[in-house]
Amino acid sequence: MRLVLLLVVLVLSPLARAADDARCAVWARELSFGDALAAHDHAAFAAHLHEHAVFGVAGPAVTRGRAAIAAQWKPLVDGTAVRLAWYPAHVTVNAAGDLAYSTGPALMQRVGDDPAPRLSSYQSVWQRDARGQWHVLFDGGTAPRPASAAEVAAFHAGRQRTCPPEATAPSPR
């Protein structure tokens, strides 16, 4: 019995480590995606997009393709219409290590007439390419709602630059 457990640990440990490495790579990529927007860097923002990405998947209208998404998001990247920030709260990777799901909070504030902060959440699916680079393939989110000063402070305090350990579900009995 102990031999079987040892073999299971020896076989599964490298797989778990590889999945965690991929998960943390997506975590970092998600942060750099948001950083590109905050830096108003159009090229870096577009470099995070999959060539065949689809944005707005949770809404009534979608935008398809890197070029169309980059054009649609130009005012956001410029920071002239809305200031937007987000970060991952949870990332998980499929067993093959080539697709990942990321979700977390987003904070937006219009520039101009209505600068009241608003909170929402996003959901993204990332795909790893043949070179090992992750690109966002699908993106959507919830409708923004007004945010209190305490919620805005909690949003800023919640951003983690380092990838936390993945929580795992307890084994069924």
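**Aromatic pairs, nonpolar core and disulfide**

Seven aromatic pairs occur in the structure. Rings of Phe, Tyr and Trp (its six-membered ring) pair if their centres lie within 6.5 Å; planes under 30 degrees apart count as stacked, over 60 as edge-to-face and the rest as tilted. The model is predicted: local features need pLDDT of at least 70, side-chain atom pairs count only at pLDDT 80 or more, and totals for chains, interfaces and linings use all residues. Residues are numbered from 1 along each chain as its sequence is written, and side-chain values use heavy atoms, with hydrogens and water left out.

One of the pairs is formed by Phe55 and Trp73. Helices (H or I, at least four residues) and strands (E, at least two) are DSSP runs, numbered from the N terminus. Phe55 is buried, with a relative accessible area of 3%. Trp73 also counts as buried, at 14% relative accessibility. Buried means under 20% relative accessible area, exposed over 50%, and partly exposed in between (1.4 Å probe, protein chains only).

Trp73 also pairs with Trp86. The geometry is edge-to-face, with 6.5 Å centre to centre and 85 degrees between the planes. Here the loop between α3 and α4 is linked to strand β3 (residues 82-86), which holds Trp86. Trp86 is buried, at a relative accessible area of 6%. Contacts of Trp86 (heavy atoms within 4.5 Å) include Phe33, Phe45, Tyr122 and Phe155, with residues up to four places away in sequence not counted. One aromatic cluster comprises Phe33, Phe45, Phe55, Trp73, Trp86 and Trp126.

The largest nonpolar core holds 32 residues. A nonpolar core is a set of buried Ala, Val, Leu, Ile, Met, Phe, Trp, Tyr and Cys residues joined through side-chain atoms within 4.5 Å. Phe33, Phe45, Phe55, Trp73 and Trp86 touch the most other members. At least two residues of this core come from each of α1, β1, β3, β4 (90-93), β5 (99-110), β6 (118-128), β7 (134-141) and α5. The largest share, seven residues, is supplied by α1.

His48 sits in the loop between α2 (42-47) and β1. His48 is buried, with a relative accessible area of 4%. Its side chain reaches the backbone nitrogen of Phe33 at 3.3 Å. Among the residues that His48 touches are Arg29, Phe33, Trp126 and Trp134, again not counting residues up to four places away in sequence.

The structure holds one disulfide (a pair of cysteine sulfur atoms within 2.5 Å). The disulfide joins Cys24 to Cys163, with an S to S distance of 2.2 Å. The torsion about the S-S bond is about -75 degrees, so the disulfide is left-handed. Cys24 lies in helix α1 (residues 2-38) and Cys163 in the segment after α5 (149-158), so the pair ties together parts that are 139 residues apart in sequence. Cys24 counts as partly exposed, at 24% relative accessibility. Cys163 is partly exposed too, at 22%.

Methods
Polar contact = N/O pair within 3.5 Å; in protein donor to acceptor, adjacent residues only side chain to side chain.
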